Amino acid sequence: KEGEEGLLGRRSGASINRWESEAVAERQRVIADAYFRAGMVEDARRHEQLARDAAPWVEEGVRNYETQEEAAARKQKEEEEERERADKTGALPPPRAPTKVELNFTKGRRSLPARERIETDEEVREREEEDLRNKKRDNPDAHGPSEEQAMWLKQRGDHFYRTRDWQAAKNAYTAALELHPRNALALSNRAVCSLRLNLFADVIKDCTAAFDLLKRVKMEGKDPEEKEKEAMKRCRCLLRRGMAHTRLGMMDQALKDLDAAAKQAPDREAIKDDLAGLRELIASHPYMKHKEEGDRAFKAGDLSASVAAFSAAIEADGGCFQALSNRAACWLALEEYGKCVDDCTVALRLLDPTGAYETKLALRLLVRRATAHCWEGAF
C-alpha cells in the first residue's frame, strides 16, 4: 500500500481537483497494466476500477482485463452470434432478369389552349417585335426585351470599369453588344477597356465602329447642350483611337485622329494643347525621323537602307508596331524569310497580346508571315 501511495503521489482519501483526478486515474492504469503483465488479473481489475472511480468522465484509455479462458469464451460467443446472423439473413437473391417495358403516352391534340402551347423561337421573336412596335407608337423611346437586357449589361460594364476590373467590364460590354450590336456607347466604352489592357488593335476597331455609328446621328433640331454631348461622344472615340495609334507608332494616323477631334470640339483648349504637344513630340522623337527615312527608302526601292532605318527606329522605340511591320515587309522582299517571321510575330504580340488577331492590322501581318512560311516550305 505504501508503494502504491508513493506512485500515486498523494495520501489515500486526500481531496483532489479534476486535473489531479485524471492524473490519478492514469497512474492507477499504469499499476493495473503492471499487475496484468504479471498475470494478476484480479488486482489489475481492481486498479482499473479505481481509475474509473477517480475520473469517470475519461473514456479514452479504459481497459477490460480478461483471463485467457474468458477471452476464449468471449471470442467463441462472438463467432456463434455471427453465424446466427448469417443464418437469419440467408443468401442474396439472384438478380432480376432483363425485360422490356413499354410506355404509352396520350397523343396531343392539335388545338391546345394558348397557355399550354409552347412558342417557337421565331414566334417569340415576331411577338417581341410586334410588342415593341406597339410600344413605340405610344413612346418613341421605348426599348424591347433584348435592348433592355443590353442596357443592363452595359450598366454592369460601367460598374466593373469604376472598380478598375477592366477585363470584366470588357466582357460585359461584349455581352451587351451581342444583344444590341449598334450600341455606340458600349463600343466606345469597350475600347477604353481594351486600351487599359494594351489591346490596341481592338481599340482601333471599336472606336472606328462607334464613330461611324455616331456620325449617323442627326444634329438637326437638337438644342446646343445635346449637340455638345453628341460632339463629345465623337471626340472621345477619335481621341481613344489616336492614343492607340500613338502606342503602336502609327503617328500619322494619330495626328489625323487628333485633328478630327479638334474639329469636333473646337472650343476644347485641352485638345488643341494635346495636338500641339503631339506634333512637337513627333518632330523631336528619333523614332519618327528614322521611320520616315525607312518609308522613303522603301518607296525608292532601296531595301537595305530601309531595313537599316527601320532597325534604328525600333532601337529608338521597341514598342512601336509600325516599324516592325514595315521591316518585316523589307525582309520578305529581301527573301530573309526567317527574319520576316520573327518581326511579324513580335508585331502581332504587340498588336494583340491575347492572340485573337481579329483586326485588319493583324490580318496584314498574318498574310505576310504565312507568305514567309510558304517560301521556307513550312506549309
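Helices are taken here as DSSP runs of H or I with at least four residues, numbered from the N terminus. In this predicted model, helix α13 is followed by glycine 301, whose phi is positive, near 85°. Helix α13 itself spans residues 286-300, 15 residues in all, and extends 21 Å from its first C-alpha to its last, close to the 21 Å expected at 1.5 Å a residue. Its buried positions are Tyr287, Met288, Lys291, Gly294 and Ala297.

Positive phi values also occur in residues other than glycine. Arginine 164 has a phi of about 65° and is found in the loop between α6 (145-162) and α7 (166-179). With a relative accessibility of 58%, arginine 164 is exposed, because values over 50% are classed in this way. In asparagine 198, phi is likewise positive, near 65°. This asparagine 198 lies in the loop between α8 (184-196) and α9, and its relative accessibility of 34% makes it partly exposed.

Helix α9 (residues 200-215) packs against helix α10 (residues 224-247) at an angle of about 155°, and their axes are 9 Å apart. Angles over 145 degrees count as roughly antiparallel, so this description applies to α9 and α10. The crossing of α9 and α10 is left-handed.

Tyrosine 161 is partly exposed, at a relative accessible area of 26%, whereas tryptophan 166 is buried, at 16% relative accessibility. Tyrosine 337 and tryptophan 375 form a stacked pair, with 5.9 Å centre to centre and 5° between the planes. This pair links distant parts of the chain: tyrosine 337 belongs to helix α16 (residues 337-351) and tryptophan 375 to helix α17 (residues 360-376), 38 residues apart. Tyrosine 337 has a relative accessibility of 15% and therefore counts as buried, the limit being under 20%. Tryptophan 375, at 60% relative accessibility, counts as exposed.

A contact between a charged side chain and a ring is also present in the model. Arginine 156 lies over the face of phenylalanine 160, at 5.3 Å from the ring centre.

Terms used: Residues numbered from 1 in each chain as written. Predicted model: local features only at pLDDT ≥ 70, side-chain atom pairs only at ≥ 80, totals over all residues. Heavy atoms only, no water. Buried < 20%, exposed > 50% of the residue type's maximum accessible area, 1.4 Å probe, protein only. Phe/Tyr/Trp six-rings, centres within 6.5 Å; stacked < 30°, edge-to-face > 60°. Helix = DSSP H or I, 4+ residues; strand = E, 2+ residues; numbered from the N terminus. Lys NZ or Arg CZ within 6 Å of the ring centre and 35° of its normal. Expected span 1.5 Å × (residues − 1). Axes fitted to C-alpha atoms, helices over the stretch in contact; angles between N-to-C directions. Parallel < 35°, antiparallel > 145°, perpendicular 65-115°, else oblique. Left-handed = near helix turned anticlockwise from the far one by under 90°.
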